Amino acid sequence: MKHAFFAPPLARAAALLAAAALTALPAAAQDAPQLNLQRVELTAGMHRIDAQVAIAPQERQTGLMHRKEMPQHEGMLFVFEQPATQCFWMKNTLLPLTAAFVDDDGTIANLADMKPQTLDSHCSAKPVRYVLEMNQGWFAKRGIKAGFKLGGAPFQRR
């Protein structure tokens, strides 16, 4: 005969509160910017870019959301498993950004200026594996357009 375990009401309440707190943690974490991702140095001609790298699906999903500021030489490089049409939006993103959709060899396929806190979709013109987000105007101020080749470890032949 199996015995059923009945926890006292106070213990049951404590267990329920603990479970509720644990399930609330990911939601709370999603409201904070991710600032501690791995970084990689990229180059755009003579310009250096210090890019956080978003590789895991959750890192890519959060991206630059909730950031109130970002230094001009910094950005975020989104890395996907294989080339595909990549589309981005700006939900919960407070900064105006420009997305550079980048081929495996570092060539920018197209650029898209994105307005903060919108659900407008901005997509690559062709299948790409990388997307580099920078403060809006960063590429334009440096004369960087589609066809420009970025440098750095991610774009070197494998």
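Helices here are DSSP runs of H or I of at least four residues, and strands are E runs of at least two, numbered from the N terminus. By that count, the chain in this predicted model has 3 helices and 9 strands. Their order along the sequence is α-β-β-α-β-β-β-β-β-β-α-β.

Of the 158 residues in the chain, 41% are buried. The accessible surface amounts to about 9,500 Å², and carbon and sulfur atoms contribute 59% of that area. Among contacts with a separation of 6 or more, 68% join residues 24 or more positions apart.

Two loop residues can be looked at in detail.

Q34 sits in the loop between helix 1 (9–30) and strand 1 (39–44). Is Q34 buried or exposed? Its relative accessibility is 14%, and because buried means under 20%, Q34 counts as buried. Beyond the neighbours within four places in sequence, Q34 is in contact with Q52, E59, T62, G63 and M76. For E59 and G63, the side chain of Q34 comes to the backbone oxygen at the distances below.

A125 belongs to the loop between strand 7 (122–123) and strand 8 (128–135). With a relative accessibility of 62%, A125 counts as exposed, the cut-off for that class being over 50%. Which distance separates A125 from N110 in space, C-alpha to C-alpha? The two C-alpha atoms are 6.3 Å apart, while A125 and N110 stand 15 residues apart in sequence.

Conventions: Residues numbered from 1 in each chain as written. Predicted model: local features only at pLDDT ≥ 70, side-chain atom pairs only at ≥ 80, totals over all residues. Heavy atoms only, no water. Buried < 20%, exposed > 50% of the residue type's maximum accessible area, 1.4 Å probe, protein only. Polar contact = N/O pair within 3.5 Å; in protein donor to acceptor, adjacent residues only side chain to side chain. Contact = heavy atoms within 4.5 Å. Areas by Shrake-Rupley, 256 points an atom, 1.4 Å probe, with all protein chains shown as cover.
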